Amino acid sequence: MPDADAFDLTPVPAPPSKRRGRRRTIGVLVVLVLAVLALLSQGLLHSLNYFETIDQAMSARTTLGTSTIRLEGVVKPHTINRTSSGASFWMTGGKDEEVFVNAHGSPPQLFQASIPVVVVGHFTSSTSDRFDGTQILVKHTASYIAAHPKRVKAPNGTTR
Amino acid sequence: MKQLSLRLLGPLTLVLMGLTFWLGLWVTPPDKIQGNLARLVYVHPAVAWVALYVSFGTATIASALYLWRRTRSQVMDRVAHCAMEVSVVFILLTLITGSIWGRPTWGVWWAWDARLTSTAILGVFALAYLALRRANDDPDLRARRSAVFALLAAINVPIIHFSVQWWKTLHQGATVFTANRTLLIHGLMAWTLLISFFAFTLLFFWLLRARYRLEVLRGERYQVVLDEALVQRRREGVR
């Protein structure tokens, strides 16, 4: 009976298939690049800024014309008029420029006076300050204030 | 001491998570503007914190330590791999919770602004890391390539962080880590937010530990299977 130890049956590791590994790696990287380009192509490559402020839009009116943009501003109090097709309101910018917005579609839940909004749409003409909106987005701030914090009371007993 | 702390990790995580949800859902007041919608502030920012800094950070640091000869070890490679797997989960949760929050507040499920897009790209990077690991059979080559990739992918993290400052985004700016170091949340809301950060950070380490143990067991199981196969082959040769 041959000695078991004489037979060295330890599997010899196969030489790593460098070519196969390299091909797979390149494949993964190609898919990755395509995926990232696909994500970036969704508007980001045109402009890293998601919206134009009113002041920027007003100063670039001749360039913008009636092309579709996202316009950001603050809803002016006491100007909101909710219609059956959406809402109309005045929007103010940082330098007190104002734009009248006529937006179609239901405004979001948080839409209210004095809140920053981003309206998707276009100016009605290259000289008008009227903006036709197809969508209203609310750009809420990063501040969190408790509603009716009872621990702080005014001298007359009322709470904020 | 180490064993005790590891044993306490799970129960402590559970307690803090329970405390976060109890405070967040029932005790803290609603927000003045967002009302009860703001209660997602006790989930989404903490999940994002873990996704970007804790889990991706752990994977990046472990990858760097693997590439440095003095600290190169199988442990570092395993930690990087496991942390990146958990990172995928947290990145996905970040996008999902953000979407759930965005729909009623912004008015849309998704917006292609710099913050959201760069976070989605980070998720793609994390998935690509895992795909890269499966593309290479040689353990050392696999570890090195994925480590280099993790370091390159980590460049996206500061881009995500500063995106709301560098560009105009729909996503709001920081509430805690603001540019001028002012806190934009106070009282019980702030304390609950802090507890949520601790809770989800512990959750990450709990998941990482479980995943790491699984990886070690897989390695041991592979060795046992190999030894059994060798014994079997020798028996066949002797007959």
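Guide: Helices (H or I, at least four residues) and strands (E, at least two) are DSSP runs, numbered from the N terminus. Two strands pair if DSSP finds at least two bridges between them. This is a predicted model, in which local features need pLDDT of at least 70 and side-chain atom pairs count only at pLDDT 80 or more, while totals for chains, interfaces and linings use all residues. Residues are numbered from 1 along each chain as its sequence is written, and chains are lettered from A and ligands numbered from 1 in the order in which they are written.

Visitor: In β4(A), which residue is the bridge partner of A:V75?

Guide: The partner of A:V75 is A:M91 in β4(A). Strand β4 (residues 86–92) of chain A runs antiparallel to β2(A), with 2 bridges between them.

Visitor: Which strand does β2(A) join by 6 bridges?

Guide: That strand is β6 (residues 116–123) of chain A, and the two run antiparallel. Within this pairing, A:L71 stands opposite A:V119. Strand β1 (residues 52–53) of chain A is parallel to β2(A) and is joined to it by 2 bridges; here A:T53 faces A:E72.

Visitor: Why is strand β2 of chain A largely enclosed by the rest of the structure?

Guide: A residue is buried if 20 or more other C-beta atoms lie within 10 Å of its own, exposed if 12 or fewer, and partly exposed in between, with C-beta atoms placed from the backbone. Strand β2 (residues 69–75) of chain A is largely enclosed because 6 of its 7 residues are buried.

Visitor: How many bridges join β6(A) to β7(A)?

Guide: There are 7 bridges, and the strands run antiparallel. A hairpin of 6 residues connects β6(A) to β7(A), and A:V118 has A:L137 as its bridge partner in β7(A). Strand β5 (residues 98–104) of chain A pairs with β7(A) in the parallel sense over 4 bridges, where A:F100 stands opposite A:R130.

Visitor: Which residues have the most contacts inside the largest nonpolar core?

Guide: A nonpolar core is a set of buried Ala, Val, Leu, Ile, Met, Phe, Trp, Tyr and Cys residues joined through C-beta atoms within 7 Å. The largest one has 80 residues, and those with the most contacts inside it are A:L71, B:V50, B:A80, B:A83 and B:Y129. Helix α2 (residues 44–67) of chain B gives the largest share of this core, 12 residues. Two residues are in contact if their C-beta atoms, placed from the backbone, lie within 7 Å. Leaving aside residues up to four places away in sequence, A:L71 touches residues including A:F51, A:I54, A:V99 and A:F131.

Visitor: How many residues does each chain bring to the contact between them?

Guide: Chain A brings 39 residues and chain B brings 47 residues. On the side of chain A that touches chain B, the largest share, 9 residues, comes from α1(A).

Visitor: How many helices and strands are there in chain B?

Guide: Chain B has 7 helices and 0 strands, and buried residues make up 37% of its 239 residues.

Visitor: At what angle do α4 and α5 of chain B pack?

Guide: Axes are lines fitted to C-alpha atoms, for helices over the stretch in contact, and angles run from 0 to 180 degrees between N-to-C directions. Helix α4 (residues 114–135) and helix α5 (residues 139–153) of chain B pack at about 170 degrees, with axes 9 Å apart. Angles under 35 degrees count as roughly parallel, over 145 as roughly antiparallel, 65 to 115 as roughly perpendicular and the rest as oblique. The helices α4(B) and α5(B) are therefore roughly antiparallel to each other.
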